Amino acid sequence: MRVVLLGPPGAGKGTQAQIIAGRLGVPAISTGDIFRANVSGQTELGTQAKVYMDAGDLVPDEITVAMVRDRLAEPDAKAGFLLDGFPRTIAQAEQLRDSLAELGQELTCVLELVVDEEELVRRLSGRVVIVDGKPVQREDDKPETVRHRLEVYHRQTEPLSGWYARAGLLARIDAIGEIDEVTGRAMAALAEADDTDDPQG
């Protein structure tokens, strides 16, 4: 199973990625983990990425895609993987498709976690961290910041939903409810996708 997990901030991607990957017996791969591994390992790509990260800039697609391609070529990802946080744009999705083709692979399914926007704002702005024994809201979890993050998601990443739907790969999952209920819906969608002989249509 080769799966991409899509969804806005606050949809529960990180949690579901770990659970679903565990059920499938494949690695959950996040771009954050890949960046950290390359930077701490001082790989050539990591050194290049660190220049952008230190300046507070987005890492260019060609570096991100190269890191992801290297990670997907590792032995533990041969039998499958779950990608969380990548691709973020249609350009990245096209490069991922081409990279997989070079490895003789293709995606099985793209799961999109769907949550009502007000629920996302409520979830994210309700998070607090404890500082000196007192609950404090992080800057990036304030309602106005959350709405901005969601605007960026709608503009940059949401178009992937339609792109993958046209490729016959998209399964939209209601991500409201208990964690295990959402996982159950996701696993049912993956079982259905796995039964399809030609997921690319």
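Visitor: Which residues are buried in helix α2 (residues 31–40)?
Guide: T31, I34, F35 and N38 are buried in α2. Buried means under 20% relative accessible area, exposed over 50% and partly exposed in between, with a 1.4 Å probe and protein chains only. Helices are DSSP runs of H or I with at least four residues, strands are runs of E with at least two, and both are numbered from the N terminus.

Visitor: Before we go on, what kind of model is this?
Guide: It is a predicted model: local features need pLDDT of at least 70, side-chain atom pairs count only at pLDDT 80 or more, and totals for chains, interfaces and linings use all residues. Residues are numbered from 1 along each chain as its sequence is written, and side-chain values use heavy atoms, leaving out hydrogens and water.

Visitor: Back to α2. Why are its buried residues on the same side?
Guide: T31, I34, F35 and N38 cover an arc of only 100° around the axis, which puts them on the same side of α2. The arc is taken over the directions from the helix axis to the C-beta atoms.

Visitor: And which exposed residues sit on the face turned away?
Guide: R36 and S40.

Visitor: What covers the buried residues of α2?
Guide: The cover includes β2 (28–30), α3 (44–54), α4 and β3. Contact here means heavy atoms within 4.5 Å.

Visitor: New topic. At what angle do α4 and α5 pack?
Guide: About 35°, with the axes 10 Å apart. α4 is residues 61–72 and α5 is residues 90–102. Axes are lines fitted to C-alpha atoms, for helices over the stretch in contact, and angles run from 0 to 180 degrees between N-to-C directions.

Visitor: Which residues meet there?
Guide: From α4, D61, V65, R69 and L72. They meet A91, Q92, Q95, L96, S99, L100 and E102 in α5.

Visitor: Let me pick S99. Buried or exposed?
Guide: S99 is buried, with a relative accessible area of 6%. Leaving aside neighbours within four places in sequence, S99 is in contact with V65 and R69.

Visitor: What else is buried in α5?
Guide: Besides S99, the buried residues are Q92, A93, L96 and L100.

Visitor: What do the buried residues of α5 pack against?
Guide: β1 (2–6), α4, β3 (81–84) and α8 (159–166).

Visitor: Last one. What comes just after α5?
Guide: G104, with a positive phi of about 75°.
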